[in-house]
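Here is a briefing on one protein model, grouped by topic. Please keep the structure open while reading.

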Amino acid sequence: MADGRPLLVLIGPPAAGKTRLGKRIARLLDVPFIDTDKRIVARHGVIGEIFAEHGEPHFRMLERDEVAAALTETAVVSLGGGAVIHADTQRDLAEHRVVLLTVSPEAVEARITGGKRPLVAGIDSWLALVEQRRPIYDSLATRTFDTSHRPLDAIAAEIAAWIQETDS
């Protein structure tokens with residue numbers, strides 16, 4: 001395990017389970033968990049308010065700074081769904097183990113209810129976002145896991161075993 005380098009970076013669409021799964025994987029690997037969206041909220045306020053007050057470009061700048069910082073730490077790192085659209089992030093991720101989490105529209109529908117995601121107003125906007133970003137997600141992924149129906153603990157154990165296997 002290299003110091004100052006994530007063991008794993010999780011990417012994927014909103015509500016794919018990056019945070020919930022990332023916490024479980026980090027616990028299994030006994031390393032910190034970093035959620036770049038949570039860091040943005042802690043330092044700059046609610047993401048929806050950042051979008052409303054300053055616009056998406058400002059948010060993406062803040063996000064890029066948090067992603068760049070997180071990619072220097074030994075941890076399991078979860079990126080916000082749109083973090084991968086930044087060209088510098090795409091270049092940075094080429095040097096890391098990246099797991100793409102996918103989820104079916106049927107499984108995600110209940111997860112996106114509540115409206116805390118500024119670019120996701122419902123299943124139609126979620127589908128459009130996923131289709132737009134799919135080529136980027138696919139190009140960056142070292143491995144892909146679907147979170148639609150399997151228990152997260154089982155997926156976390158499988159990913160942690162893969163990390164341990166590739167690190168030995």
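**Cores, sheet and helix packing**

The largest nonpolar core has 28 residues, and those touching the most other members are Leu8, Leu21, Ile25, Leu29, Val76, Val99 and Ile159. The model is predicted. Five strands form an open sheet with parallel pairing.

**Nonpolar cores**

- Another core lies apart from it and has 16 residues, including Val67, Leu71, Val77 and Val84.
- As background, nonpolar side chains tend to be buried together in soluble globular proteins.

**The sheet**

- The strand order is S2-S3-S1-S4-S5.
- Strand S2 (33-35) and strand S5 (143-146) are the edge strands; each has a single partner, so one side of each lacks a neighbour in the sheet.
- On average, neighbouring strands are turned by 20° against each other, direction ignored.
- Helix H2 (residues 36-44) packs on the sheet and touches S2 and strand S3 (76-78). The direction of H2 makes about 65° with that of S2.

**Val99 and the S4-S5 pair**

- Strand S4 (residues 98-102) runs parallel to S5, and four bridges join the two.
- Val99 stands opposite Arg143 in S5.
- Leaving out residues up to four places away in sequence, Val99 touches Leu8, Val9, Leu10, Ile11, Arg143, Phe145, Ile159 and Trp162.
- Val99 is also one of the residues that touch the most other members of the largest core.

**Helices H3 and H4**

- Helix H3 (residues 47-54) packs with helix H4 (residues 56-70) at an angle of about 130°. Their axes are 7 Å apart.
- This angle makes H3 oblique to H4.
- H3 contributes Ile47, Ile50, Phe51 and His54 to the contact. H4 contributes Glu56, His58, Phe59, Arg60 and Leu62.
- By type, the residues of this contact are five nonpolar, two polar and two charged.

**Glu66**

- Is Glu66 buried or exposed? Its relative accessibility is 6%, so Glu66 counts as buried; the cut-off for buried is under 20%.
- Glu66 lies in helix H4.
- Setting aside neighbours within four places in sequence, Glu66 is in contact with Thr36, Arg39, Ile40, Arg43 and His44.

Methods. Residues numbered from 1 in each chain as written. Predicted model: local features only at pLDDT ≥ 70, side-chain atom pairs only at ≥ 80, totals over all residues. Heavy atoms only, no water. Pairing = 2+ DSSP bridges. Axes fitted to C-alpha atoms, helices over the stretch in contact; angles between N-to-C directions. Contact = heavy atoms within 4.5 Å. Parallel < 35°, antiparallel > 145°, perpendicular 65-115°, else oblique. Nonpolar A, V, L, I, M, F, W, Y, C, P; charged D, E, K, R; others polar. Buried < 20%, exposed > 50% of the residue type's maximum accessible area, 1.4 Å probe, protein only. Core = buried A, V, L, I, M, F, W, Y, C linked by side-chain atoms within 4.5 Å.
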